[in-house]
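Good morning, colleagues. Please keep the display in view as I speak.

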Amino acid sequence: MGDGALSIRLFEEADLTAMCAIWNEVVEAGVAFPQEECLDVGSARAFFSSQSATTVAVCDGEVCGLSILHPNNVGRCGHVANASYAVSKAMRGRGVGRALVSDSLDRAGRLGFKGLQFNAVVETNAGAIRLYEDLGFALVGTVPEGFRMKDGTFANTRIYFHSV
């Protein structure tokens, strides 16, 4: 990030094009998100608006990452949140993901959630695993071959939890 500050805020309509580009970059890589279909501005508007909270990370005045936060399940399990994060490839390794995860932990508590659970952290995603463990997420379990990579091979997924 140049000299500009990093900030996290709720997304706005004007952010959707940049958000699509960042989200789709992760989807197209095929190694982290379960989604296989890319978003366009219309589907992104509907998807991001349906979350409990959708935030963007802004670096030097440009959207460089995003997060979605929503209940992990319904009814009696609806008090535990789930989240996903996407950081533009050019900005990875610069603290953007850490800021997004930290913000979502705080935001989840303010929204009344009791915890934040990640259901499918791909075991090959070493950067995410280091970050989550550094932030105090507990490894709850592993799903053998829980993720189909873009190349058709399978990778284990990890389940993480953090109280909020």
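Helices (H or I, at least four residues) and strands (E, at least two) are DSSP runs, numbered from the N terminus. On that basis the protein chain has four helices and seven strands. Their pattern along the sequence is β-α-α-β-β-β-α-β-α-β-β.

Two remarks on the source. This is a predicted model, in which local features need pLDDT of at least 70 and side-chain atom pairs count only at pLDDT 80 or more, while totals for chains, interfaces and linings use all residues. Residues are numbered from 1 along each chain as its sequence is written, and side-chain values use heavy atoms, with hydrogens and water left out.

I turn to the overall dimensions. The radius of gyration, taken over C-alpha atoms, is 15 Å, which agrees with the value near 15 Å for a compact globule of 164 residues; the globule rule is 2.2 Å times the number of residues to the power 0.38. The C-alpha trace spans about 40 × 40 × 30 Å along its principal axes. Of the 164 residues, 41% are buried, where buried means under 20% relative accessible area, exposed over 50%, and partly exposed in between (1.4 Å probe, protein chains only).

The seven strands form an open sheet in the order 1-2-3-4-5-7-6, with mixed pairing; two strands pair if DSSP finds at least two bridges between them. Strand 1 (6-10) and strand 6 (138-148) stand at the edges with a single partner strand each, so one side of each has no neighbour in the sheet. From one strand to the next, the twist averages 25 degrees. Strand 3 (residues 62-71) and strand 4 (residues 80-87) are antiparallel partners over seven bridges, and Ile68 stands opposite Ser84 in strand 4.

What packs on the sheet? Helix 1 (residues 16-29) does, touching strand 2 (53-59), strand 3 and strand 4; contact means heavy atoms within 4.5 Å. The direction of helix 1 makes about 75 degrees with that of strand 3. Axes here are lines fitted to C-alpha atoms, for helices over the stretch in contact, and angles run from 0 to 180 degrees between N-to-C directions. Helix 4 (residues 126-134) lies across strand 4, strand 5 (115-122) and strand 7 (154-163), at about 20 degrees to strand 7.

Glu133 is partly exposed, with a relative accessible area of 40%. Leaving aside neighbours within four places in sequence, Glu133 is in contact with Arg158 and Tyr160.
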